[in-house]
Amino acid sequence: MIEVQGTSPLSGTVKIQGSKNAVLPMMAAALLHEGITVFTNVPRIQDVFCMMGILRFIGCVCRLEDHVLSIDATRVLRAEIPEGYMKAMRSSIMMLGALLARQGRALTRYPGGCLIGSRPIDLHIKALRALGAEITEEKGTICARAERLRGAEIHFPYPSVGATENALLAAVLADGTARITGAAKEPEIQELCLLLNQMGGKIQGIGTDCLTVEGVESLSGAVRQVPGDRIVAGTYLAAALACGGKVQLEGVDPRHMGAVVSAFEDCGGHIKAGEGCLAVSASGKPEAFEIVTGPYPDFPTDLQSPAMAVMAAANGKSRIVENVFENRYRTAAELEKMGADIRICGKEALIAGKGPEPGLCGARVTASDLRGGAALVAAGLAAKGTTVIDGCCHIHRGYEDICRDLSSLGARIRDEGGEKGSISSRIGECAGGI
Ligand code: UD1
């Protein structure tokens with residue numbers, strides 16, 4: 001449970017943690033080298049602990065000391081991912097491509113993460129089949145086999161992040177050349193390509209929707225830094241816009257945040273980009289604005305809920321069009337408990353902001369997904385009185401310590417604890433996906 005007291009402005013500098021969506025596929029890539037791979041700036045979040053659990057289960061030795069993670073994949077004994085881990089974290093699906101490449105087989109269940117939409121994995125399966133895998137699906141179990149994977153033409157009708165990552169992980173050690181068109185272009189995919197190339201892979205077209213992967217015999221180890229988390233940075237920008245103040249975010253690449261900066265400037269924030277940092281100054285009286293989510297470089301769906309929290313506290317009528325996930329408005333009902341006025345119609349949400357008066361008011365609310373939980377924290381900072389947020393296990397999946405970060409900026413916020421158990425005590429308790 002997190003308790004937040006509104007409405008004091010934020011001020012100061014905070015270092016942004018390493019990126020969840022970058023480190024998870026990087027950890028899967030470590031499986032492709034029969035030896036040690038080391039990552040620095042690794043966020044100490046539940047999804048990383050969960051991925052370590054999977055890697056350990058299949059035989060890797062993982063050590064996380066402070067923010068340095070070493071993965072020794074010299075011995076890989078198993079090719080299955082236990083159901084509990086798959087349910088706890090949708091990204092475990094990217095182990096499918098890595099396991100096929102390393103072990104020639106993979107056995108798993110359908111991943112978790114249904115809370116924000118149906119989230120099928122047809123594109124992952126399609127890509128792996130094109131590379132020569134035989135995949136059978138029965139009663140929720142996925143069984144994949146491939147004597148040898150071979151390069152092929154893969155076209156994605158939609159730029160799925162996870163399916164692009166799976167295709168890359170499977171193709172990098174395949175025979176011949178794979179060409180992936182319609183690929184997702186998220187910065188985290190670029191990072192995965194850069195890591196694989198550092199390990200000896202041959203990937204071209206990085207940052208475009210057409211990736212060419214020339215298969216190689218083997219990969220070597222690497223030491224690589226995980227980039228700063230653009231979604232965590234965007235969350236803290238939203239918090240500063242909602243309650244005002246002057247905040248400097250260190251350790252994030254502003255070039256990856258164009259759509260976010262532009263939308264947040266529309267609502268009155270003054271945002272300055274520097275070398276590896278962003279500075280925001282905001283009055284605490286945001287103006288209405290509009291966002292339309294989409295694949296990168298469009299506004300990220302992961303920041304849709306934090307943006308909705310700002311809109312709920314803004315002056316005037318704001319609008320959201322959610323184009324990525326069909327059920328990503330669950331946080332609206334919780335914001336309504338704080339006085340927000342939100343109308344949802346299909347993909348669209350219309351938010352009549354409460355402005356400074358009457359404003360949002362503190363309430364007891366429940367996080368039902370990772371970014372929605374963080375949005376409730378931002379709303380709590382802008383609301384009069386006390387907000388109590390339950391279901392914080394969702395927030396811990398992706399934020400190392402949101403209370404530490406925001407209280408270092410002067411927020412009155414504390415984690416009442418009780419939900420930060422070890423991964424084994426948490427698996428299944430907080431199934432989520434993104
Ligand atoms: C990743 C991110 C998540 C982000 C999302 C979209 C990680 C760990 N998670 O999730 O934070 O919100 O990208 O930017 O990186 N789809 C299909 N078939 C498939 C795969 C996806 O129809 O086989 C659909 C999904 O239902 C969804 C859309 O494609 O509507 C986007 O999904 P995708 O890009 O695959 O997201 P994830 O990789 O799950």
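Q: Which residues of helix 7 are buried?
A: The model is predicted. Burial here requires under 20% relative accessible area. In helix 7, the residues that qualify are Pro 187, Glu 188, Ile 189, Glu 191, Leu 192, Cys 193, Leu 195 and Leu 196.

Q: How far apart are the end C-alpha atoms of helix 7, and what span should its 12 residues have?
A: Helix 7 covers residues 187-198. At 1.5 Å a residue, these 12 residues should span 16 Å. The distance between the end C-alpha atoms agrees with that expectation, being 16 Å.

Q: Which residue with a positive phi follows helix 7?
A: The phi of this residue is near 115°. The residue that follows helix 7 is Gly 200.

Q: How are helix 1 and helix 7 oriented towards each other?
A: Helix 1 comprises residues 20-29, and its axis lies 9 Å from that of helix 7. The two pack at an angle of about 30°, and angles under 35 degrees count as roughly parallel. Helix 1 and helix 7 are therefore roughly parallel to each other.

Q: Which residues of helix 7 does helix 1 meet?
A: Helix 1 passes helix 7 in a right-handed crossing. From helix 1, Asn 21, Ala 22, Pro 25, Met 26 and Ala 29 take part. Their counterparts in helix 7 are Glu 188, Leu 192, Leu 195 and Leu 196.

Q: Which strands stand at the edges of the four-strand sheet?
A: The sheet is open and mixed in its pairing, with the order 17-18-20-19.

Q: What angle does the direction of helix 10 make with that of strand 18?
A: Helix 10 (residues 304-313) packs on the sheet, where it touches strand 17, strand 18, strand 19 and strand 20. Its direction and that of strand 18 make an angle of about 165°.

Q: Which residues of helix 12 make the contact with helix 8?
A: Helix 8 (residues 230-243) packs against helix 12 (residues 370-382) at about 25°, with the axes 8 Å apart. That angle makes helix 8 roughly parallel to helix 12. Helix 8 contributes Ile 231, Val 232, Thr 235, Ala 239, Ala 242 and Cys 243. The residues of helix 12 are Arg 371, Ala 374, Ala 378, Leu 381 and Ala 382.

Technical notes
Residues numbered from 1 in each chain as written. Predicted model: local features only at pLDDT ≥ 70, side-chain atom pairs only at ≥ 80, totals over all residues. Heavy atoms only, no water. Expected span 1.5 Å × (residues − 1). Buried < 20%, exposed > 50% of the residue type's maximum accessible area, 1.4 Å probe, protein only. Pairing = 2+ DSSP bridges. Contact = heavy atoms within 4.5 Å. Axes fitted to C-alpha atoms, helices over the stretch in contact; angles between N-to-C directions. Parallel < 35°, antiparallel > 145°, perpendicular 65-115°, else oblique. Left-handed = near helix turned anticlockwise from the far one by under 90°.
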